[in-house]
Amino acid sequence: KVLEDINTQRKEIIGLLAANTAHEIKNPLTTIKGFVELLELEYDKEHKNQKFNIVKGELERINLIVSQFLLLGKPTNVEVETIDAREIVRDILIFLDYDLSMHNIRIVKQFTDEQTLINVSVDQFKQVLINLIQNAKDAMENSQPAILKIEVFNKDKKTIISLSDNGIGMDEQTINELFNPFYTTKLHGTGLGLPITKSIIDAHHGTIEVISDQTIGTEFRIAFDNVKA
Ligand code: ADP
């Protein structure tokens, strides 16, 4: 119990530090980005100098990490509303439709006919779905066909949202470490998507589970208390 308290405190401090530092980095970063673009216009009118692209690419990468840091450090007291999980999932699929079809990903939806009301911050819940779908997309890069199955149903007073991909799956180490900040197996990964996902779900008193197999693929299962209509 004591250890747990220390860990929670540590996490809170790290969260605060991360958010403050991230904020402080954002401003100079924006300035640097602006001036690099100006320099490119002055010195490389025809945009043929790859060095500018490398600098801009790396700045973009820092920017992504810092933005994710900001999300990680967000206060855990979220404003929630009662909403049907099926509705949010549907909205997100419409939002991502173009991107997913560009990557030849087929979506199989299996939604219950029952109401699946949950108390969530809609924005944060959408962030969770976007993170998980982005990971599924990465994992299915070489899957043919690439199929992402999304289920929404009620079970034991919980509403479950399950996302199953037929991608590369995970090895034992990845399964054990995937929620640790900066753990990534990707060349250009940040390793912050799942820690953010987990902290959002924790703040909603929900749960997230993963079942993964390198021959079948990966299922993420998130559960929230179901609210009776
Ligand atoms: P990132 O995507 O930047 O690597 P994440 O925290 O989102 O960071 O994910 C951490 C790691 O978990 C990934 O690098 C990958 O190895 C593994 N992972 C997450 N989702 C999946 C998935 N659907 N299939 C296979 N591996 C996954």
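1. Basis of the note. The model is predicted, and local features were taken only where pLDDT is at least 70, side-chain atom pairs only at pLDDT 80 or more, while totals for chains, interfaces and linings use all residues. Residues are numbered from 1 along each chain as its sequence is written, and side-chain values use heavy atoms, with hydrogens and water left out.

2. Overall layout. The protein has six helices and seven strands, where helices (H or I, at least four residues) and strands (E, at least two) are DSSP runs numbered from the N terminus. Their order along the sequence is α-α-β-α-β-β-α-β-β-α-α-β-β, and the C-alpha trace spans about 65 × 50 × 35 Å along its principal axes. Of the 229 residues, 38% are buried; buried stands for under 20% relative accessible area, exposed for over 50%, and partly exposed for values in between (1.4 Å probe, protein chains only). Among contacts (heavy atoms within 4.5 Å) with a separation of 6 or more, 71% are between residues 24 or more positions apart. The accessible surface, from the Shrake-Rupley method with a 1.4 Å probe and, for residues, with only the protein chains shown as cover, comes to about 14600 Å², and carbon and sulfur atoms account for 54% of this area.

3. The nonpolar core. In soluble globular proteins, nonpolar side chains tend to be buried together. Here the largest nonpolar core has 37 residues, and F125, I133, I161 and I222 have the most contacts inside it; such a core is a set of buried Ala, Val, Leu, Ile, Met, Phe, Trp, Tyr and Cys residues joined through side-chain atoms within 4.5 Å. The elements that each supply at least two of its residues are the helices α3 (85–102), α4 (122–139) and α6 (193–203), together with the strands β2 (105–111), β3 (117–120), β4 (146–155), β5 (158–165) and β7 (217–225). When neighbours within four places in sequence are set aside, I133 is in contact with I92, L93, L96, L100, L148, I150 and L163.

4. Helix α6. How many of the eleven residues of α6 are buried? Eight of them are, so the helix is largely enclosed by the rest of the structure; the buried residues are G193, L194, P195, I196, T197, I200, I201 and A203. Their cover includes α2 (50–72), α4, β6 and β7. Within α6, K198 and D202 are four residues apart and therefore separated by about one helical turn; they form a salt bridge in which the closest N and O atoms are 3.0 Å apart. K198 is partly exposed at 27% relative accessible area, and D202 is also partly exposed, at 41%. After the helix comes H205, which has a positive phi near 55°.

5. Leaving out residues up to four places away in sequence, T116 touches I83, D84, A85, R86, V152, F153, N154, T159 and N226. T215, for its part, has a side-chain polar contact of 2.5 Å with D213, and its C-alpha atom is 8.5 Å from that of G167, which is 48 residues away along the chain.

6. Other salt bridges. The protein has nine salt bridges, each being a side-chain nitrogen of Lys or Arg within 4 Å of a carboxyl oxygen of Asp or Glu. One of them joins R221 and E219 at 3.0 Å, N to O; R221 is partly exposed at 26% relative accessibility, while E219 is buried at 17%. Another pairs E46 with K48, with the closest N and O atoms 3.4 Å apart, and both of these residues are exposed.

Terms used. Polar contact = N/O pair within 3.5 Å; in protein donor to acceptor, adjacent residues only side chain to side chain.
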